[in-house]
Amino acid sequence: MTHPYRAAPDRAFWSRAVARDFAARDLVTRDVPLLRAEDRVISAGSCFAANLVPYLERAGFKYLRTETPHPEFVWAPPEAMSYDKFSAAYGNIYTPRQALQLLHRAMDAFHPREDRWIEAGAVIDPFRPGLRYKARTEREFALLTAQHLAAVARAFREADVLVFTLGLTEAWASADDGAVFPACPGTLAGAFDPKRHVFRNFSAQETTDDLLAFIETARVLNPALRVILTVSPVPLVATATDAHVLAATTYSKSVLRVAAHEAAARLKNVVYFPSYEIVAGPQAPWDYFEADRRTVSKAAIDAVMEAFLAACETSEAPSAPAPPRTGLSASIVDFECEEAAAES
Amino acid sequence: MDAHATAGVETVLNRTPMAPGSIVIGGHSHVTALIARANNAALEQVYLGDNVFGLAGPFPRDEAYWRGLGELGRGHIVLVCYGGNEHNAHFLCAVEPPFDFMMADEPDAPLDTSCQVLPEALIDEWFALFGAGLREVMAWVMAGEPQHVFVLGTPAPKRDEAHLRQAIAREPSLMQKAEAMGMSAEAVRFTPAYLRRKLWKKLQQAYADTAQACGAGFIPVPPTSLDADGLLLAQLQAPDATHANLKYGAMARAHFVAAARAAR
């Protein structure tokens, strides 16, 4: 007797694809390469998204940067909080809502009412509260912010591929106009005001809608932009819900995974890459997380990137592990996330 | 400090008695304008009149020179002319990409927003790195237990690009920088004068901050040495690309000495 499973490939069966002979690269099932050799790649997302950059560059891909430190000032201490680790200095973007908001701001379509915090002689960007080099005057702030947003728009216009890593569903937002902040006001900077700042834990529908809107908005700037979605396997530092942080993490990652699936299913040239499954699936080795069971190990990132690069068109051999470097893995996850400020 | 240098200072100290409250001036190359004869094989006291002395010595300055300056200034006022060419070394020639920055205390200063605009805080932190060398020098000078120490402002940038073009061709270190950037002496492009002035202001502020942190004072250059745009007056420039002349030196020395005595 025949049935639909009889002709299914080995990867469809847990016993054949996970219980034995598991290979992370087998999770990528599409025939078209994720990246082509000539692609200009940008990335955005949570802390985990910064990890792929050195691997991509080492494999010979062009990582597009439109906002870089000036070469004459490299002696000065580098920017903090991952602002110098992405294509433009937007730092970590945790939720699809934050990503959509960034594009709307870059396109002059949204102007948050709470757009600056002034404290101790500095004008602080609530959407980049950890910047090391803060503006000193409102005029300087306006100029630097406009320059930054122009660089964001340029990155999205000039890229061939966006790799976007979804990190969280929880966010703090302005009660006034819904603008979401990467860190709860009062943690890294600013002052928390329960009348002005509200907690949001986005639903599956909201997250999916935001993600779809983000991609569609990006394609207003760049209709040919291809998108690779991933979900960060890094658990929440803390939850502002009543739930246990582990349950809250499961909710958050589940919603993000659903949203990524929906976007990939509904939109052309949007694919999902299963970094979450590689690192957090039950087949994953114990050492893919450090002892705190939150910090993703270098071995895990190596495994993710080996699978990723194996699915790319590259003249180079699939990635050997990238050398350890400042800011990679633990330091990114633990010390350079606005999210981590919630614990301080 | 080596024994030879110590002996040199002691010899100098015995040469011309110094009245209480005398002033001793020493430092890097910009001190040449202030004391006329700054380069000497050995440390040597130079009397400039009115209880003002200079310390000549070999270039480049070393620990022995700075310690000698402190010893010569023991119980007196020491004026330290430190550095002053860092902005020229890095930015006299136009760099790529072009950049600019705003200054909070000069909101109306010229600004080219077509350039990469850098945060003023970054510029400050970058120039503050040069304070490390000054801090070391201050420790050596202060070991001689002067009564007071003041760090001196250094000459403002020069406006005249024709002058700079002629001068840079004779200065190997600046030409090396230009050539490394793909520019010949004839084709060298200079950072706009207004931006060089802003960078110079940041250097002056970095030295003022370092001086204060070391328990010393800072005396800016005489306003009379500047034109309406804050650049060095043409008649005060030495033939090279970065230094001021003896006329500036006489004016500036009088200004520094008066300010130091008033602040004592």
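What share of the contacts in chain B with a separation of 6 or more comes from residues 24 or more positions apart? The figure is 72%, where a contact means two C-beta atoms, placed from the backbone, that lie within 7 Å.

## About the model

This is a predicted model, in which local features need pLDDT of at least 70 and side-chain atom pairs count only at pLDDT 80 or more, while totals for chains, interfaces and linings use all residues. Residues are numbered from 1 along each chain as its sequence is written, and chains are lettered from A and ligands numbered from 1 in the order in which they are written.

## Chain B as a whole

Chain B holds 10 helices and 8 strands, counted as DSSP runs numbered from the N terminus (helices H or I with at least four residues, strands E with at least two). Its radius of gyration is 19 Å, close to the 18 Å that the globule rule gives for 264 residues, so chain B is as compact as a globular protein of that length. That radius is taken over C-alpha atoms, and the rule is 2.2 Å times the number of residues to the power 0.38.

Along the principal axes, the C-alpha atoms of chain B fill a box of roughly 60 × 35 × 30 Å. Of the 264 residues in chain B, 48% are buried. Here a residue is buried if 20 or more other C-beta atoms lie within 10 Å of its own, exposed if 12 or fewer, and partly exposed in between, with C-beta atoms placed from the backbone.

Let's look at helix α8 (residues 172-180) of chain B, where L174(B), K177(B) and A178(B) are buried. Viewed down the axis of α8(B), these residues fall within an arc of 100°, so they line one face of the helix; the arc is that of the directions from the helix axis to the C-beta atoms. They pack against α7 (161-168) of chain B. On the face turned away from the buried side sit the exposed residues P172(B), S173(B), Q176(B) and A180(B). Just after α8(B), G182(B) has a positive phi of about 80°.

Helix α5 (residues 120-128) of chain B buries E120(B), A121(B), L122(B), I123(B), W126(B) and F127(B). Its buried residues reach across to the other chain, packing against α5 (138-158) of chain A, along with β5 (99-101), β6 (116-118) and α9 (193-213) of chain B.

## Where the chains meet

In the contacts between the two chains, 16 residues of chain A touch 17 residues of chain B. The chain A side divides into 8 nonpolar, 3 polar and 5 charged residues. In this grouping Ala, Val, Leu, Ile, Met, Phe, Trp, Tyr, Cys and Pro are nonpolar, Asp, Glu, Lys and Arg are charged, and the others, Gly among them, are polar.

## The sheet of chain A

Chain A has an open sheet of 5 strands in the order β2-β1-β5-β9-β10, with parallel pairing; two strands pair if DSSP finds at least two bridges between them. At the edges stand β2 (62-63) and β10 (270-272) of chain A, each with a single partner strand, so one side of each is left without a neighbour in the sheet.

Strand β5 (residues 161-166) of chain A is joined by 5 bridges to the parallel strand β1 (residues 40-45) of chain A, and 6 bridges join β5(A) to β9(A), also parallel. Among the facing residues, A44(A) stands opposite F164(A), S43(A) has V163(A) as its bridge partner, and L162(A) stands opposite V227(A) of β9(A). In β5(A), 6 of the 6 residues are buried, so the strand is largely enclosed by the rest of the structure.
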